[in-house]
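Hi everyone, thanks for coming. Today I'd like to walk you through one structure, and we'll take it step by step. Have a look at it with me.

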Amino acid sequence: MIRPAILAVAMCVVSSAQSMPYVPLQQPNNSVIPVRQGCGLGRQLVDGICVSNAKVRAAVRKCSARKMRMVNGRCEPRVRPAAAPAAAPPTIQQPAATPATPR
């Protein structure tokens, strides 16, 4: 009686072992959640120094009032794109008006 039970268990183990795929397990690719530039909550990295968001917003407002933009913690003039050359007027000659002919 014990022999058939052992044989059944052995068959279950052997058959399930053969049916397992040979695919490697998936590894977690990013288990660390990055914080805003490494400065923590409510702060950001500006020119290598951690500064509070309120100070950054104030500096951006100050630059905007001067019609400038904030770049790496400094106000720089806005660069306007070069104006496209004006389109030349068409040079196609219009046909001369023909005199009206009576019907």
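Let's start with a term: a disulfide is counted here when two cysteine sulfur atoms lie within 2.5 Å. By that rule, this predicted model has two disulfides. If you number the bonded cysteines in sequence order, they pair 1-2, 3-4.

Here is the first pair on my list. C39 and C50 form a disulfide, with their sulfur atoms 2.1 Å apart. C39 sits in the loop between α1 and β1, while C50 sits in strand β2, so this pair ties together parts that are 11 residues apart in sequence. The torsion about the S-S bond is about -75°, so this disulfide is left-handed. Is C39 buried or exposed? C39 is buried, at 14% relative accessible area, and C50 is partly exposed, at 32%.

Now the other pair. C63 and C75 form a disulfide, with sulfur atoms 1.7 Å apart. C63 belongs to helix α2 and C75 to strand β4, so the link joins parts 12 residues apart in sequence. This link is left-handed too, with -80° about the S-S bond. C63 is buried, with a relative accessible area of 1%, whereas C75 is partly exposed at 27%.

Let's stay with helix α2. At 1.5 Å a residue, its 13 residues should span 18 Å, and its end C-alpha atoms are 18 Å apart, which agrees. Just after α2, K67 takes a positive phi of about 60°.

Finally, confidence. The chain averages a pLDDT of 75, and 55% of the residues score at least 70. Where pLDDT is low, the predicted coordinates should not be read in detail.

How values were computed
Residues numbered from 1 in each chain as written. Predicted model: local features only at pLDDT ≥ 70, side-chain atom pairs only at ≥ 80, totals over all residues. Heavy atoms only, no water. Helix = DSSP H or I, 4+ residues; strand = E, 2+ residues; numbered from the N terminus. Expected span 1.5 Å × (residues − 1). pLDDT = per-residue confidence, 0-100. Buried < 20%, exposed > 50% of the residue type's maximum accessible area, 1.4 Å probe, protein only.
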